[in-house]
Amino acid sequence: MTHTPTSAVATAVATDGAALHAGTASDPILRVERLHKRFPVSGARGSSLHAVDDVSLDIGRGESVGLVGESGCGKSTLVRLLARLHDASEGRILFDGQDLSEIPALRFARSPWRSAIQMVFQDPTDSLNPRYTARDTIAEPLKLLTTLTREQEQSRVQALAEQVGLPAELLDRYPHQLSGGQKARVGIARALAVQPRLLILDEPTAALDVSVQAVVLQLLQRLRQELGLSCLFVSHDLNVVRLLTDRVAVMYLGRIVEVGPSEAVFRHPRHPYTKALVSSIPGQGPRIKLSGEVASPIDPPSQVCRLHGRCPIGQDVCARQMPLLRAIGDDVNHRAACHFIDPA
Ligand SMILES: Nc1ncnc2c1ncn2[C@@H]1O[C@H](COP(=O)(O)OP(=O)(O)O)[C@@H](O)[C@H]1O
Ligand SMILES: [Mg+2]
């Protein structure tokens with residue numbers, strides 16, 4: 001697997017027509033184009049909750065991309081669309097050039113594409129079958145998606161356990177007999193079993209004790225380097241994202257409001273929302289607090305900036321025109337969606 005340097009790697013854009021993905025990698029492993037997900041609102045006919053709103057994002061080969069934003073902004077919905085756990089309302093998901101949304105769900109479940117994208121879920125307790133031993137859990141994708149003999153399968157399970165630091169004697173234990181960190185390792189081994197090319201991690205350590213989090217994060221960092229995996233790493237822990245990712249995309253109310261090299265975004269955030277988010281990291285200078293509440297994701301107005309009403313620098317135009325992602329200064333890979341970004 002070839003590694004693409006961050007500078008050459010794609011970035012996220014949500015513009016129209018030909019400018020889409022301008023300045024991005026020529027050959028990303030994943031390309032998301034203008035993806036939308038609307039959920040029907042019960043008891044309100046014709047209304048929908050716009051959980052993912054016009055998201056475009058590329059992930060380069062071997063690249064680690066972070067996805068941050070407060071709870072409810074659409075991170076899990078976005079990654080679930082990518083893993084085909086939801087169908088998109090609109091837009092395309094190109095994996096290695098193949099439009100995944102064109103593959104019917106039934107065929108997709110047993111296609112090579114199913115193995116190519118694997119997910120590690122937020123809560124290892126929720127996502128492990130209580131009636132499966134660790135061995136059964138790790139072997140399950142091998143049974144479904146490969147033609148290994150039982151013997152080959154078992155030696156693969158052993159190798160995976162070793163790879164994630166799970167002692168072999170724990171393989172016959174059930175989830176309730178394992179610690180949080182051990183369950184997390186089982187979830188990671190399951191995701192790695194079929195040798196995915198893109199690993200999606202949705203808050204992989206959020207359910208763990210702080211002391212265990214660091215150990216699991218180190219494991220993930222090591223695996224990523226060893227395997228040259230492309231990763232999409234969802235977290236609300238900004239320090240962790242800064243450490244583990246090459247690029248980061250910031251979401252607010254279903255939309256990407258800023259994207260760029262992680263160091264640049266954390267060191268010099270440009271969008272007012274990112275500035276507030278980054279200021280919440282201890283030691284990052286004065287805390288910027290946005291006034292008011294996050295607007296409702298139900299039937300959001302199409303031409304109003306999502307931050308309008310809370311934004312410290314908002315003006316009239318923000319209520320008339322949706323700002324799109326555009327390059328900031330010289331670095332085409334650093335983009336923000338704001339009418340009033342100060343010059344670099
Ligand atoms: N299956 C669903 N049906 C209806 N609404 C949903 C569903 N899943 C998520 N949502 C809504 O979509 C929005 C985004 O949620 P989610 O993707 O879970 O955000 P995050 O992972 O960033 O916390 C929220 O308003 C949430 O209530
Ligand atoms: Mg979530």
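Colleague: What do the buried residues of helix 5 pack against?
Modeller: This is a predicted model, to be clear. In it, the buried residues of helix 5 pack against helix 6 (150–163) and helix 7 (180–192).

Colleague: And which residues of helix 5 are the buried ones?
Modeller: Helix 5 covers residues 134–145, and its buried residues are A134, R135, T137, I138, A139, P141 and L142.

Colleague: OK, on to the ligand. Which residues are around ligand 1?
Modeller: You'll find F39, L49, A51, E70, S71, G72, C73, G74, K75, S76, T77 and P297 around ligand 1. By type, that shell divides into five nonpolar, five polar and two charged residues.

Colleague: Which helix or strand gives the most to that shell?
Modeller: Helix 1 does, with three residues. Strand 2 (48–59) and helix 1 (75–82) each supply at least two residues of the shell.

Colleague: What about polar atoms? Which side chain has an N or O atom 2.9 Å from an oxygen atom of ligand 1?
Modeller: That's the side chain of S76.

Colleague: How much of ligand 1 does the protein cover?
Modeller: On its own, ligand 1 has 560 Å² of accessible area, and the protein covers 63% of that.

Colleague: Back to helix 1. Is it largely enclosed or left open?
Modeller: Largely enclosed by the rest of the structure, because six of its eight residues are buried. Those are K75, T77, L78, V79, L81 and L82. Of these, K75 and T77 are also among the residues around ligand 1.

Colleague: How many bridges join strand 4 to strand 5?
Modeller: Two, with strand 4 being residues 90–95 and the pair running antiparallel. L94 sits opposite D99 of strand 5.

Colleague: Buried or exposed?
Modeller: T245 has 9% relative accessibility, and under 20% counts as buried, so T245 is buried.

Colleague: What does the T245 side chain make a polar contact with?
Modeller: One partner is the side chain of S262, at 2.8 Å. A polar atom of the T245 side chain is also 2.6 Å from the backbone oxygen of V241. Leaving out residues up to four places away in sequence, T245 touches S64, V65, G66, F233 and S262.

Colleague: Last one. Which way do strand 11 and strand 12 pair, parallel or antiparallel?
Modeller: Antiparallel, over three bridges, with strand 11 at residues 326–328. R326 stands opposite A336 in strand 12. The hairpin they make has two residues between the strands, and G329 takes a positive phi near 60° there.

Colleague: And how many bridges pair strand 10 with strand 12?
Modeller: Two, again in the antiparallel sense, between residues 255–261 and residues 331–336. Here E258 is the residue opposite A336.

Notes. Residues are numbered from 1 along each chain as its sequence is written. Chains are lettered from A and ligands numbered from 1 in the order in which they are written. This is a predicted model: local features need pLDDT of at least 70, side-chain atom pairs count only at pLDDT 80 or more; totals for chains, interfaces and linings use all residues. Side-chain values use heavy atoms; hydrogens and water are left out. A residue is near a molecule or strand if one of its heavy atoms lies within 4 Å of it. A polar contact is a pair of N or O atoms within 3.5 Å; within protein, one must be able to donate a hydrogen and the other to accept it, and residues adjacent in sequence count only if both atoms are side-chain atoms. Accessible areas come from the Shrake-Rupley method with a 1.4 Å probe; for residues, only the protein chains shown count as cover. Helices (H or I, at least four residues) and strands (E, at least two) are DSSP runs, numbered from the N terminus. Ala, Val, Leu, Ile, Met, Phe, Trp, Tyr, Cys and Pro count as nonpolar, Asp, Glu, Lys and Arg as charged, and the others, Gly among them, as polar. Buried means under 20% relative accessible area, exposed over 50%, partly exposed in between (1.4 Å probe, protein chains only). Contact means heavy atoms within 4.5 Å. Two strands pair if DSSP finds at least two bridges between them.
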